[in-house]
Each structure stands twice: as structure tokens, then as C-alpha cells.
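Keep the model in view as you read.

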Amino acid sequence: MATPEKINLLDFTSEKLKAFFLERGEKPFRATQIIKWIHQHGVDNFSEMTNVSKALRAELEEIAEIKPLEVAIDNQSDDGTRKWLLRLADGNCIETVFIPEDDRGTLCISSQVGCALDCTFCSTARQGFNRNLSVSEVIGQLWLAKNLLQPDHQENRVISNVVMMGMGEPLLNFENVVDAMDLMLDDNAYGLSKRRVTLSTSGVVPALDRLRERIEVSLAVSLHAPNDELRDQLVPINRKYPIKELMASCLRYMDGKAAREKITIEYVMLEGVNDLDQHAKELINVLRDVPCKVNLIPFNPFPETRYKRSSNNRINRFRDILVDAGLIVMTRKTRGDDIDAACGQLAGQVSDKSRRDVHFARIESS
Ligand code: SAH
């Protein structure tokens, strides 16, 4: 008889692990101890859990495991940005990026293998959609990055911020993403503040409305166009949830929140497409009532893309028009260009399952 697959404890939030232990007749505080071992101390071996009884450790050993993701490629950029290609148990691969800055370290994590949304300027879109990531695969990216960047688990927080801006649309993997973010905020796990965990969405309105009921995190919205005609082309999900509905949902999301809290509006700068003065003026109207800051993202090109990055002059001019109207605007610095780690360049790589030794080929060249 085949041995049943072990339960991966990286799939459990504190609440779910408590329920799991209660069902097995164990005290719920055991769950807290184990969550701390896994996520604070980065332990993947029950024998190291010294405050847990030997009997329970032995029992857990039988039925459960803490199964980290496997690093397929580890790339470091000249600017310190680091990108990992991670191989999942089924051979699929995802990408995770760490971006160090003077005052923070941001981990950009993936929520799906590929993406179904087909935004025309994004390289993940060209891979199509493969599947949702499990909770362990989402939180496993943070678990692994923390262990690799901070093997001694000292106090200093190398990873201070997490952004769900890697591959995939997080709101289309709702339950697993909510559970993973729950662990990010959990004081017994990563203890990040809600201001330092950001979910980025292209605007899945019904899921965005549900998000607020479930968990409080910061929100980034990929707008990229100031009118439906243009947004329908760039971000096709706009045909289903047009700008007006999306902005109304953003307002609902922010309802009752402190004035200092803002939605980040992401706007990729595509030369001659969405970067004209007229677009900036339209954008002012769209954002008039929304508590937000605008993040202008210089387009990051990838092979065979039809788009070009707007010039710095154009980006500055666009920014000035928005600033003159009283909007808060930042231009995102492009990082990790040399290792294809910049926004929208996370294409993953395709694995050829016909070969036993998993063979990686750049999606562009396959
Ligand atoms: N699906 C989510 C999260 C992933 S994309 C979303 O759409 O928000 C993270 C951010 O990178 C989004 O704002 C996305 O529009 C942007 N992006 C995608 N491709 C890009 C590219 N080639 N250059 C710059 N930014 C890009």
C-alpha cells in the first residue's frame, strides 16, 4: 500500500492548526508553539522543536511535514535585487523577488502559476494560466526567502514588506492568499503590520469587496489607463469590471479607514499609448474622490513586446500634471533589470514534463 501523503504544516494558519490539534485531542497552545517554530525560527524539522513533547513530535513526524519549496535558480542583480526561480512539487515553477532598499526590504511574491488575465504589457500573461498556488506555496516563498536571507534569524528584519505583485492575480486565488496573508500578519508567525503587506489587483471587483470582510492589508490597484476604451485593451478584465465600478469598489474598501491610509494606483508608462497629457488630465478626474497615491511604473520590456517605455521626460511631465492637481505621485525605480526581475518580467519558466530531469527553457525560446 502506498504511504499516504504527509500533511504540509505550511498550509495551516494558526486558527486552522489549532482546530487540527483539537481534533486530535491536543491542546490548542501546541499550535502556537509550532507556528512559532515554523515561521519565526524557520524550522522544518520536528526534532528541533524542543518545547514540544517527544510523543507529540513523534506523532507529527508520522503524519506531517514542513516541506519547503525547492530553489531551481538563485540570481543576484548588481543592485542587490535577488530573484529565485522556485520549483513546485509538480514541476511547475514560480518566481519570487527580493528588493533591498535603504529603509526596507521588500519581497515580491507570486500567487498563481501563470495568470489568466492577459494584460497586454505583462510577460506572465504570455504563459497563460496554469493553476492556483496552495497556502504553503504562497507563504513558502516568504518562509524560504527569510531563511535564505537571514539564516541566523536575528532580530533585524531583512524582509520588512511583502507585496503580492509577482506572478498571478491574487484575488483569483482568494482563500489561499487570505490564509497566507493571515500568517504574514500573525504575531506568532511573521508579525508584519497591515501597512507592510500589500495585495495588488487588476480589479476583480466582487473579490475586492469580499477582501475587506476577511483581512486588513494595503491595497494596490493596477489601473494603467484613464478610460474604459484604453483599459479594455490593456487590462482586459476591465470589460467585465469597468473603471467606474472598480473605483466605487476602491471607495468601499477605504470606507472608514484613517485618512493617512491610501490605495496605491499603479500606472505603467507605455510610450505613446497611455502617457499623453490628455491621459494625465483624464486620470485626475478618475481619481478625484479616491484616497490614493499614484505609482508610475516605467514599462519593463521583455522580448517580442509591442510596447516601449516612456522617456524620463514624458514620465516627469505626466507626473507634474498629476502633482499640480494635488495628487501624490511616485515614480517607481526599476530594479533587477539585468536578471529580468523587474515588474512584469516574471515569466517563470516552462518545464518540459516529458523529461525526467526537469528541463528548463525560457518561455520566449520555447
Ligand atoms: N495581477 C496583479 C499582480 C501582479 S502584477 C495586478 O495586476 O496587480 C504587479 C504589477 O506589475 C501590476 O501593476 C502590473 O500591471 C505591473 N506590470 C506588469 N507588467 C509590467 C511591465 N512589463 N512593466 C512594468 N510593470 C508591469
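Start with the sheet of 10 strands. It is open, its pairing is mixed, and its order runs E3-E4-E5-E6-E9-E10-E11-E12-E13-E14. Two strands stand at the edges: E3 (70-76) and E14 (328-331). Each has a single partner strand, so one side of each lacks a neighbour in the sheet. From one strand to the next, the twist averages 20°. Keep in mind that this is a predicted model. The mean pLDDT of the protein chain is 91, and 91% of its residues reach 70 or more.

E3 pairs with E4 (residues 82-87) in the antiparallel sense, over 6 bridges. Within this pair, Ile73 has Leu85 in E4 as its bridge partner. The two strands make a hairpin with 5 residues between them. Gly80 sits in that turn and has a positive phi of about 95°.

The next step is E4 to E5. This pairing is antiparallel and has 6 bridges. Here Arg82 stands opposite Phe98 in E5. E4 and E5 also form a hairpin, with 5 residues between the strands. Gly91 takes a positive phi near 95° in this hairpin.

Then comes E5 to E6. Strand E5 (residues 93-100) and strand E6 (residues 105-108) run antiparallel and are joined by 4 bridges.

Step back to the domains. The protein chain divides into domain 1 (7-65) and domain 2 (70-365). Their centres, taken over C-alpha atoms, are separated by 32 Å. The contact between them takes 12 residues from domain 1 and 16 residues from domain 2. Which helix gives the most to the side of domain 1 that touches domain 2? Helix H2 (residues 29-40) does, with 5 residues. By class, that side of domain 1 divides into 2 nonpolar, 8 polar and 2 charged residues.

Look at one residue of helix H2, Thr32. Is Thr32 exposed or only partly exposed? Thr32 has 18 C-beta neighbours inside 10 Å, so it counts as partly exposed. Leaving out residues up to four places away in sequence, Thr32 touches Ser14 and Asn188. Ser14 is 18 residues from Thr32 in sequence, yet their C-alpha atoms are 6.5 Å apart in space.

Next, turn to the loops. Ile237 lies between helix H7 (228-234) and helix H8 (243-254), in a loop. What is its burial state? Ile237 is buried, because 22 other C-beta atoms lie within 10 Å and the cut-off for a buried residue is 20 or more. Not counting residues up to four places away in sequence, Ile237 touches Leu117, Ser202, Gly203 and Val204. Asp337 is another matter: 100 residues along the chain from Ile237, its C-alpha atom is separated from that of Ile237 by 28 Å.

Asp118 has a positive phi of about 65°, although it is not a glycine. Asp118 is placed in the loop between strand E7 (112-114) and strand E8 (129-132). With 15 C-beta neighbours inside 10 Å, Asp118 counts as partly exposed.

Glu304 is the second case. Its phi is positive too, about 70°, and Glu304 is not a glycine. Glu304 has 8 C-beta neighbours inside 10 Å and so counts as exposed.

Finish at residues 351-366. Over this stretch pLDDT stays under 50. The model has 25 contacts for these residues beyond four places in sequence. Treat them with care: where pLDDT is low, the predicted coordinates should not be read in detail.

Key. Residues numbered from 1 in each chain as written. Predicted model: local features only at pLDDT ≥ 70, side-chain atom pairs only at ≥ 80, totals over all residues. Domains from an automatic or database assignment. Contact = placed C-beta atoms within 7 Å. Nonpolar A, V, L, I, M, F, W, Y, C, P; charged D, E, K, R; others polar. Pairing = 2+ DSSP bridges. Axes fitted to C-alpha atoms, helices over the stretch in contact; angles between N-to-C directions. pLDDT = per-residue confidence, 0-100. Buried ≥ 20, exposed ≤ 12 C-beta atoms within 10 Å, placed from the backbone.
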